[in-house]
Amino acid sequence: MKGVIFTFLADMVEEQFGLEAWDSILTETGLNGVYVSTETYPDEEVFRLVEATHKATDIPMNDLIKAFGQYAFGKFQKSHPDFCNPEYTLKEFLLTVDSVIHVEVKKLQPDAQLPSFGYDNESENELTMIYSSPRKLCMLAEGLIAGAAEFYNTQYTLTHDKCMHDGSDHCTLHITMH
Ligand code: HEM
């Protein structure tokens with residue numbers, strides 16, 4: 001996983017729970033917390049840090065990963081404003097994640113391991129994002145979508161019908177824009 005994900009996690013915990021909270025999470029995991037955005041670190045380290053954050057804050061795992069996704073979207077949007085065209089609707093934006101945003105990320109950082117999204121464009125105000133990744137970070141995807149909806153000032157409902165955590169080989173995130 002790219003260092004940027006680790007630094008966003010550290011930022012979120014420090015902002016919301018204080019520097020001491022992050023320090024004790026590092027002590028708990030035995031990690032030194034030195035992460036360079038563009039470097040790659042073992043996935044297992046980010047999972048350990050999230051697990052320790054869950055224990056330290058009592059926030060249920062799924063809620064924590066989703067909250068982190070929403071927070072990370074705000075950070076990505078600020079660091080790459082060009083990826084989030086304010087003229088787009090939420091749906092138009094979401095349709096660019098797989099074919100534009102993650103493609104550009106991969107050009108900038110060829111060793112990034114991006115998930116894959118397929119799309120089912122059911123109707124004008126509906127969209128299903130079909131997520132697959134060996135990391136099974138569908139709750140992170142849900143949080144990033146929540147962050148994007150916030151940025152595009154759009155109300156939506158989401159149903160997570162199929163899930164890789166229930167044995168499916170992909171997740172379906174069905175979004176209805178209101
Ligand atoms: C709603 C919008 C987005 C969604 C749903 C999304 C989804 C995801 C997910 C689920 C992952 C975790 C990796 C995995 O599942 O295997 C990921 C990783 C990543 N995404 Fe996105 N993403 C979005 C927007 C963005 C934006 C705007 C950027 C801008 C730079 C970005 C850059 C990255 C990077 C750098 C990683 C880490 C890759 C790695 O560690 O190798 N994403 N994305």
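**View 1. What sorts of residues make up the shell around the ligand?** The shell splits into 18 nonpolar, four polar and two charged residues. Here Ala, Val, Leu, Ile, Met, Phe, Trp, Tyr, Cys and Pro count as nonpolar, Asp, Glu, Lys and Arg as charged, and the others, Gly among them, as polar. Keep in mind that this is a predicted model, where local features need pLDDT of at least 70, side-chain atom pairs count only at pLDDT 80 or more, and totals for chains, interfaces and linings use all residues. Residue numbers start from 1 along each chain as its sequence is written. In total, 24 residues surround the ligand, and the closest are Lys2, Ala112, Pro115, Ser133 and Leu144 (a residue is near a molecule if its C-beta atom, placed from the backbone, lies within 6 Å of it). Two or more residues each come from helix 1 (3-17), helix 6 (96-108) and helix 7 (138-151). Helices are DSSP runs (H or I, at least four residues), numbered from the N terminus.

**View 2. Helix 2 meets helix 3.** Helix 2 (residues 19-29) packs on helix 3 (residues 43-57) at about 120°, and their axes are 9 Å apart. Axes are lines fitted to C-alpha atoms over the stretch in contact, and angles run from 0 to 180 degrees between N-to-C directions. The two helices are therefore oblique to each other (under 35 degrees counts as roughly parallel, over 145 as roughly antiparallel, 65 to 115 as roughly perpendicular and the rest as oblique). On the helix 2 side, look for Ala21, Ser24, Ile25, Glu28 and Thr29; helix 3 brings Arg48, Leu49, Ala52, Thr53 and Ala56. Contact means C-beta atoms, placed from the backbone, within 7 Å. By class, that's five nonpolar, three polar and two charged residues.

**View 3. Helix 1 alongside helix 3.** This pair packs at about 10°, with axes 11 Å apart, which makes helix 1 roughly parallel to helix 3. Ile5, Phe6, Leu9, Val13 and Phe17 of helix 1 touch Val46, Leu49, Thr53 and Thr57 of helix 3. Seven of these residues are nonpolar, two are polar and none is charged.

**View 4. Helix 1 crosses helix 2.** Their axes come within 6 Å and cross at roughly 130°, so helix 1 and helix 2 are oblique to each other. Ala10, Val13, Glu14 and Phe17 of helix 1 meet Leu19, Ala21, Trp22 and Ile25 of helix 2. This contact has seven nonpolar residues, no polar ones and one charged.

Note on methods
Contact = placed C-beta atoms within 7 Å.
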